[in-house]
Amino acid sequence: MKYDTVSRDGVVADYEYEATGTHHTFEVDVPEETAERTGVRYGLNPAWFFPEWPYHYEFEGYIHVVELTGLEPDTTYYFICGGPGGWSQEWSFRTAPAASKDIVFAMGGDSRSPYGGEIRSHPERVSNFPWGRNWVSEEMAANEPLFTIYTGDMVERGEYPGHWNSWMNHQQEYWVTENDRMIPIVPVVGNHEVLTEMFPLAGWEYGKENSPFYYEQFALPGNERWYSLDFGPDLHVVVLDSEVPREELSIQASWLEEDLRATDAKWIVVAFHRPIYSSGDHGSDLKLREYWEPILEDYGVDLVITGHDHDYERSYPIKDGKVSSRAEGGVVHVVNGVWGAPTYPIEETNWWTAKAIDMRHLFSLAELSAAEETLNLKAIDSAGRVLDNVTYSSRVRRPVVPLKPLEVNPPEVAVEPGEHVKVTLRASTEPGDLIVPAVTTSSMYDTSLKWNQWKASPAEWTFEVWAPEAAAGKSINAYFNLYSLEDLLEGRFTPRSQNYITLHVVEGPNAHLTFLGTNDFEGFARPSWPHFNLGGSPYMKSYFDAIEKSNPGGVLEFDAGDVIGAAPPLLRRI
Ligand SMILES: [Fe+2]
């Protein structure tokens with residue numbers, strides 16, 4: 001087969017592969033100017049794609065965004081929309097309360113349509129799209145929640161306007177109460193909105209520019225990717241973006257801390273797409289767990305709601321990697337990714353599993369009682385049956401010590417490899433706080449620090465950092481964390497503030513050579529996968545580029561065979 005393997009660059013490369021015993025060979029010439037959008041889709045099963053849905057990014061029409069300001073809290077407003085060409089029917093919406101009161105809200109995610117061949121290749125998986133999606137939405141609306149947190153994967157392909165039309169039309173039809181009140185969505189971005197699962201190394205798939213329809217159609221607070229909302233003084237909802245590279249997990253971790261430090265709500269719900277405790281098909285995302293779990297526990301988050309795995313699972317309260325209690329600060333994790341997408345079986349549960357339900361389409365309903373200070377959580381399936389029902393009492397959240405941002409001077413500096421630089425850290429905190437700094441190192445470089453003991457606020461420290469020889473030609477960051485002594489004594493190791501210095505390290509006299517070994521990335525080897533316009537080499541390209549960029553001095557690659565179809569050419573300068 002010959003086709004566009006580096007679709008973003010429009011490069012045409014020779015390519016071959018074998019699909020379940022049948023050898024396919026054909027040629028497709030992809031004009032460079034259309035390479036980004038053109039591909040060939042085929043498979044051994046029919047219905048690999050949905051021809052009735054638009055195939056490309058092209059979108060005809062307009063998306064109008066109207067902001068209504070100065071609204072009263074806890075009030076119903078009626079509206080129509082349209083223009084000279086016609087007006088819609090009348091709907092209403094209800095604003096969030098400002099005072100403490102009972103709140104009913106729904107949660108869940110993953111309604112995306114099945115792949116064409118999924119039902120056939122996985123007979124244990126059940127999908128009845130779009131009916132499963134619609135029935136769950138109908139049940140959700142019948143409970144008249146004030147809003148619904150949707151934990152991602154609304155659509156199969158986030159770049160297809162037709163998929164969004166399907167979602168939006170469904171929302172208009174089903175996310176409406178009996179008296180025509182529209183139920184607002186608090187959306188979370190999933191991998192199907194940004195395609196990270198399909199192109200994990202491509203490097204261009206993250207962020208807003210590659211998910212235009214999601215971000216154009218949802219008007220969200222903050223940077224829209226991670227944000228928080230208050231529903232009266234009792235409920236604080238935080239949304240995070242799990243579809244990001246590692247460095248953005250760290251950025252979000254810092255933002256999350258700031259956000260949680262600022263709230264004194266009785267209940268905190270944090271939503272993101274990929275679960276950090278899941279017995280399902282995809283399992284637990286350990287990277288997210290590493291970055292976010294300490295903060296979720298330190299700041300007393302009550303409930304973490306996720307999707308991605310197409311099943312339902314509620315954990316016991318978890319703290320420090322084991323079953324705990326709510327009173328001890330345990331966090332309850334709920335996976336709820338079965339709003340119509342093909343269901344996944346749960347083969348085996350884990351130590352954290354309090355309740356697991358598979359092969360059902362369902363959503364979660366939360367009823368918060370202001371007077372009783374309780375939160376009742378139910379799982380309700382598409383037929384209205386209650387399959388899980390648990391009530392939590394509110395708990396006293398430990399007061400957090402507010403720390404102001406950490407100043408680092410100088411914020412950046414040019415250095416020779418090995419040169420020592422004096423850095424001043426300054427933190428002004430609340431009177432009486434005892435704080436201690438520490439530095440975060442990475443394997444790319446080393447730091448040498450002489451650091452003082454903890455200090456009372458306001459505090460200032462002077463450190464020395466230096467860049468190792470291996471950092472020649474690079475810009476590297478040395479991160480400083482600030483801890484509360486009280487936290488450390490109680491075994492909490494989440495920093496309260498973080499900042500960094502950037503060292504621009506000039507090229508040294510010695511050359512450095514990076515050795516890179518590769519083999520067996522010949523191309524697309526999963527015939528059941530419908531997105532075969534990318535092969536193994538495009539996956540690797542960004543990796544090669546990153547390696548080469550990391551050492552301008554030279555990279556030597558060893559290729560141990562099976563590199564057919566690789567593009568671009570594998571020879572690198574030495
Ligand atoms: Fe997902």
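Predicted model: local features only at pLDDT ≥ 70, side-chain atom pairs only at ≥ 80, totals over all residues.
A residue counts as buried when its relative accessible area is under 20%.

The surroundings of Val-188 can be listed. Setting aside neighbours within four places in sequence, Val-188 is in contact with residues including Ile-149, Tyr-150, Thr-151, Gly-152 and Met-154. Further along the chain, its contacts include Glu-193, Tyr-214, Val-239 and Leu-240, and also Ala-271, Phe-272 and His-273. His-273 lies 85 residues from Val-188 in sequence, yet the two are 6.6 Å apart in space, C-alpha to C-alpha.

The iron ion is coordinated at 2.1 Å by Asp-153 through OD, Asn-191 through OD1, His-273 through NE2 and His-308 through ND1. Along the chain, these donors follow the spacing D-x37-N-x81-H-x34-H. Asp-153 and His-273 link distant parts of the chain, being 120 residues apart. Asp-153 sits in the loop between strand E10 (147-150) and helix H3 (161-174), while His-273 sits in the loop between strand E14 (267-271) and helix H7 (286-298). Both Asp-153 and His-273 are buried.

What is the geometry of the iron site? The angles among the 4 donor atoms run from 83 to 166°, and the site is irregular.

H3 has 14 residues and spans 20 Å from its first C-alpha to its last, close to the 20 Å expected at 1.5 Å a residue. Its buried residues include Pro-161, Gly-162, His-163, Trp-164 and Ser-166. Trp-167, His-170, Gln-171 and Tyr-174 are also among the buried residues of H3. These buried residues pack against helix H2 (131-142), E10, strand E11 (185-187), helix H4 (191-194) and helix H5 (212-217).

H3 also takes part in a pocket. The largest pocket has a volume of about 2400 Å³. It is lined by 49 residues, and the closest to its centre are Val-66, Phe-79, Met-182, Gln-217 and Ala-219. The elements that give two or more residues to this lining are strand E8 (91-94), H3, E11, H5 and strand E12 (227-231). Which element gives the most to the lining? H3 does, with 7 residues.

Key: Residues numbered from 1 in each chain as written. Heavy atoms only, no water. Donors = N, O, S within 2.8 Å, 3.2 Å for Na, K, Ca; no water. Tetrahedral: all angles 85-135°; square planar, octahedral: opposite > 155°, others 65-115°. Helix = DSSP H or I, 4+ residues; strand = E, 2+ residues; numbered from the N terminus. Buried < 20%, exposed > 50% of the residue type's maximum accessible area, 1.4 Å probe, protein only. Expected span 1.5 Å × (residues − 1). Contact = heavy atoms within 4.5 Å. 1 Å grid on protein atoms, 1.4 Å probe; cavity = no way out; pocket = protein on both sides within 12 Å on 5 of 7 lines; lining within 4 Å. Points joined across faces, edges and corners; volume = space filled by probe spheres on them.
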